[in-house]
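Here is a briefing on a structure, shown below with its sequence. It is meant to be read with both in view.

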Amino acid sequence: MLVLSGIAIIVVGFALRFNPLLVVTVAAFASAAAAGHGPLDVVAMLGKAFVDNRFIAVPWLVLPTIGLLERAGLREQARTIVQKMRGATTGRVLIGYLALRQITAALGLNTLGGHVQMVRPIVAPMAEGAAAREGDAPLDGETRDLIRAHAAAADNIGVFFGEDLFVAIGSILLIRAVLEQNGIIVTPPHIAIWALPTAIAAFLLHAARLIRLDRRLGDKRR
Amino acid sequence: MIGLDALGIAAGLLPATAAIHHASDRGAPRRWRNVGFWTAFAILLMAGPWLPDMVNGCLLLMMVAFATIGLRPASVPTTSEAEREEGARRFGMRLFLPVLLLPVMAVGGTIAIADGRIGGLALIDPKQVTLVSLAAGTFFALLFAILLTRPPASAPAAEARRLSDAVGWAMVLPQMLAALGGIFAMAGVGKVVADGVLDVVPMNSPLTATIIYCVGMALFTIVLGNAFAAFPIMTLGIGLPILIRHFGGEPAIVAALGMLSGFCGTLLTPMAANFNIVPVAVLDLKDRFAVIRVQAPTGFVLLAFNIAVLALCAFPGASR
């Protein structure tokens, strides 16, 4: 049971808002200690595991490009497009992005999206621009943060409940492998088809919530 | 051959740029802790495989120490709002092109050189084709953005540092959590939790077993931050022996909805840092749990939906 101390430390550490890097480090020491490893062992294990997972850092290479485009006015351009569209609201912009993200992920185009390259420079400015049109009072910090958080959520929900419709995605290959090791043969399309009900439910449910967000934003600004 | 080592060296160029930029930012407050943080990250990515594990571990702890005392970097000069408005008018829709080039390159590369061979030569490790395409895509996108917007020579490095600073320690968290996942696996955390669940709850009907399996997948994912890590444990513990073998559930349905229940857990956990904590930093939000808060209602309702679909569709003709 002591190995679970790592989980307890994560929960308490996150709840008390310590720096997450520190929380994770302490949790690693606690869990490894419970499994009988001394602190020096853990330092080496962490170092090795961190380096083994260095491929995770590759997508950050997009940052300089996004920075240069932001510097040249990408966010302002995204906002302008939305403000030229009559009838564009925060909720509708995000429903559109949710649909786009789900459909492209279902076609295996997971890379067409993401918080750094799509949400920050394009989707969030569009959603904010739809809420505060030219001549309106600027958004207060709380409303702005709420809209941005919704933009990030639309990206996550779209990709999670879209990618499982694509037969060559990691999760489906994992399902097939786990079942196959136990003598059960299933085909990827058969698994993918059973992701469809949840994909549709996710879209309808989240779209309904985004329509409610519009109403809430409308009330707030009136 | 271009493989993981080359990818690490490429990935390290970003923190190395940030470190050099900080180091040359004379007179900036807290300059050296920022230099220290990004230098350690760059060394780990670029030289880590050739250094002793102990050295890597110490570099990592150094980064944790800098992040804990607070990086609080000085701001970098960038364009004014008026200049950006002017840029938006001047470049218009063309500003989107470099952003689109990236997925085109990533997907195109993955399809075109699936076996890692270019012109008959085995140039790229076939296991890393997707990431190599992505990395190549970021370089071409950067080149494209430079040619398009013609910024001053100092701008690319300054922008690399500005956004690295904006993301800060969150850039390291996903990799750190992956390392923690390895330690959890070594310590047997998954097995302890699975045994706990199995011992406590009686599973005498398909419905209770379905609820335990789906909620268990979500809970496990919340703890481990990753539905992929939770899936084998829960499926071998409950899904396969009880839902499939004992109650005769249809394997594809059980497994698909189990995985999707895990994804509901991913919406709810700070352990899935890439999805839930990184955007807080990227979008400069005040509340660390802002994204999770917004996602939670959707996550809970979809979990209930998954349980219903599994219970209703996976057991044809079973007595309930």
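The model is predicted. Chain A consists of 11 helices and 0 strands, and chain A is divided into two domains, domain 1 (2–52) and domain 2 (60–221). Chain B is likewise split into domain 1 (4–171) and domain 2 (174–313). Between the chains, 94 residues of chain A are in contact with 111 residues of chain B.

**Chain A: overall form**

- Read from the N terminus, the elements of chain A run α-α-α-α-α-α-α-α-α-α-α.
- Chain A has a radius of gyration of 22 Å, whereas the globule rule gives 17 Å for 222 residues, so chain A is more spread out than a compact globule.
- The C-alpha trace of chain A spans about 65 × 45 × 35 Å along its principal axes.
- The C-alpha centres of domain 1 of chain A and domain 2 of chain A are 33 Å apart.

**Chain B: domains**

- Taken over C-alpha atoms, the centres of domain 1 of chain B and domain 2 of chain B are separated by 32 Å.
- Where these domains meet, 4 residues of domain 1 of chain B are in contact with 5 residues of domain 2 of chain B.
- On the domain 1 side of that contact in chain B there are 3 nonpolar residues, 1 polar residue and no charged residues.

**Contact between chains A and B**

- How many residues of chain B are in contact with chain A? The number is 111, and they touch 94 residues of chain A.
- Helix H8 (residues 173–187) of chain B supplies the largest share of the chain B side, with 13 residues.
- By class, the chain B side has 83 nonpolar, 20 polar and 8 charged residues.

**Helix pair H1(A) and H2(A)**

- Helix H1 (residues 5–15) of chain A packs against helix H2 (residues 20–34) of chain A at an angle of about 160°, with the axes 7 Å apart.
- Angles over 145 degrees count as roughly antiparallel, and H1(A) is therefore roughly antiparallel to H2(A).
- The crossing of H1(A) past H2(A) is right-handed.
- H1(A) contributes A:Ser5, A:Gly6, A:Ile9, A:Ile10, A:Gly13 and A:Phe14 to the contact, while the residues from H2(A) include A:Pro20, A:Val23, A:Val26 and A:Ala34.
- This contact of H1(A) with H2(A) has 10 nonpolar, 4 polar and no charged residues.

**Helix pair H2(B) and H3(B)**

- Helix H2 (residues 31–47) of chain B and helix H3 (residues 53–69) of chain B pack at about 150°, and their axes lie 9 Å apart.
- H2(B) and H3(B) are therefore roughly antiparallel.
- H2(B) passes H3(B) in a left-handed crossing.
- Among the residues that meet here are B:Arg33, B:Phe37 and B:Phe41 in H2(B), and B:Asn56, B:Met62, B:Met63 and B:Phe66 in H3(B).
- By class, the contact of H2(B) with H3(B) has 12 nonpolar, 2 polar and 1 charged.

**Helix pair H12(B) and H15(B)**

- Helix H12 (residues 251–266) of chain B packs with helix H15 (residues 290–313) of chain B at an angle of about 170°, with axes 9 Å apart.
- That angle makes H12(B) roughly antiparallel to H15(B).
- In H12(B), B:Ile253, B:Val254, B:Leu257, B:Leu260, B:Ser261 and B:Cys264 take part, and they meet H15(B) residues including B:Gly299, B:Asn306 and B:Cys313.
- The contact of H12(B) with H15(B) divides into 10 nonpolar, 3 polar and no charged residues.

Note on methods:
Residues numbered from 1 in each chain as written. Chains lettered and ligands numbered in written order. Predicted model: local features only at pLDDT ≥ 70, side-chain atom pairs only at ≥ 80, totals over all residues. Domains from an automatic or database assignment. Contact = placed C-beta atoms within 7 Å. Helix = DSSP H or I, 4+ residues; strand = E, 2+ residues; numbered from the N terminus. Nonpolar A, V, L, I, M, F, W, Y, C, P; charged D, E, K, R; others polar. Axes fitted to C-alpha atoms, helices over the stretch in contact; angles between N-to-C directions. Parallel < 35°, antiparallel > 145°, perpendicular 65-115°, else oblique. Left-handed = near helix turned anticlockwise from the far one by under 90°. Rg over C-alpha atoms; globule rule 2.2 N^0.38 Å.
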